[in-house]
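Subject: Structure handover

Dear colleague,

Here is the structure for your files. My notes on it follow below.

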Amino acid sequence: MQTDQRQSPRKVFKTRAMLAVEGAAPVLGRTTDIGASGVSVSVPHPVGVGQSAQLRFDLLVDGNIVPVNTRAKAQYCILSGGDFKVGFQFVNLELAAMTALSRFLR
């Protein structure tokens, strides 16, 4: 039986995301859900658990688009619907991004 290791509740969140794993070319993906501590992104290639990446996506907060550009660490990677669903934990999320995320999640 698999236990959910998430540290915070998640909200459905579908948007484009740019993912740059160290040592690889950036790839376009799609987010599936987001929480205060991380985000799930579907990408065409697997990402190794523990790998660090630069992640960029936009949040819509109070009618404004807020770009989020942050470091993240892969927590899991599973094959799902032909793509790889990767769960990322945010690493040192900037205050502006943290504030926007908090407002988005309420």
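Asn92 sits in the loop between β7 and α1 (helices are DSSP runs of H or I with at least four residues, strands are DSSP runs of E with at least two, and both are numbered from the N terminus). This is a predicted model, in which local features need pLDDT of at least 70 and side-chain atom pairs count only at pLDDT 80 or more, while totals for chains, interfaces and linings use all residues. Residues are numbered from 1 along each chain as its sequence is written, and side-chain values use heavy atoms, with hydrogens and water left out.

Loops

Asn92 has a positive phi of about 50 degrees, although it is not a glycine. With a relative accessible area of 72%, Asn92 is exposed (buried means under 20% relative accessible area, exposed over 50%, and partly exposed in between, with a 1.4 Å probe and protein chains only).

Asp62 also has a positive phi of about 50 degrees without being a glycine. Asp62 belongs to the loop between β5 and β6 and is partly exposed, at a relative accessible area of 49%. Gly63 is found in the loop between β5 and β6; its relative accessible area of 64% makes Gly63 exposed. From Gly63 to Asp83 there are 20 residues in sequence, and their C-alpha atoms are 31 Å apart in space.

Gly81 has its place in the loop between β6 and β7. Its relative accessibility is 87%, so Gly81 counts as exposed. The C-alpha atoms of Gly81 and Ser42 are separated by 9.4 Å, with the two residues 39 apart along the chain.

Pro26 lies in the loop between β2 and β3 and counts as exposed, at 53% relative accessibility. Leaving aside neighbours within four places in sequence, Pro26 is in contact with Met18, Leu19 and Ala20 (contact means heavy atoms within 4.5 Å). Pro26 and Phe57 are 31 residues apart in sequence, and 13 Å apart from C-alpha to C-alpha.

Overall layout

The chain has one helix and seven strands. Along the sequence they follow the pattern β-β-β-β-β-β-β-α. The radius of gyration of the chain is 13 Å, close to the 13 Å that the globule rule gives for 106 residues, so the chain is as compact as a globular protein of that length. That radius is taken over C-alpha atoms, and the globule rule is 2.2 Å times the number of residues to the power 0.38. Along its principal axes the C-alpha trace spans about 35 × 35 × 25 Å.

Of the 106 residues in the chain, 35% are buried. Among contacts with a separation of 6 or more, 52% are between residues 24 or more positions apart.

Surface and charge

The chain exposes about 6,500 Å², and carbon and sulfur atoms supply 54% of that area (Shrake-Rupley method with a 1.4 Å probe). There are 12 positive and 7 negative side chains, and the centres of the two sets lie 3 Å apart. Lys and Arg count as positive and Asp and Glu as negative, while His and the chain ends are not counted; the place of a charge is NZ of Lys, CZ of Arg, CG of Asp or CD of Glu.

Core

Which residues touch the most other members of the largest nonpolar core? They are Ile34, Leu55, Phe57, Leu59 and Phe88, in a core of 25 residues (a nonpolar core is a set of buried Ala, Val, Leu, Ile, Met, Phe, Trp, Tyr and Cys residues joined through side-chain atoms within 4.5 Å). At least two residues of this core come from each of β2 (16–21), β4 (38–43), β5 (52–61), β6 (64–80), β7 (83–91) and α1 (95–105). β5 gives the most, with five residues.

Not counting residues up to four places away in sequence, Phe88 touches Arg10, Leu19, Ser37, Gly38, Val39, Val41, Val47, Ala53, Leu55, Ala72, Lys73 and Ala74.

Thr32 lies in strand β3 (residues 27–35). It counts as buried, at 18% relative accessibility.

Gln89 is found in strand β7 and is partly exposed, with a relative accessible area of 27%. Gln89 and Asp62 are 27 residues apart in sequence and 24 Å apart in space, C-alpha to C-alpha.

Regards
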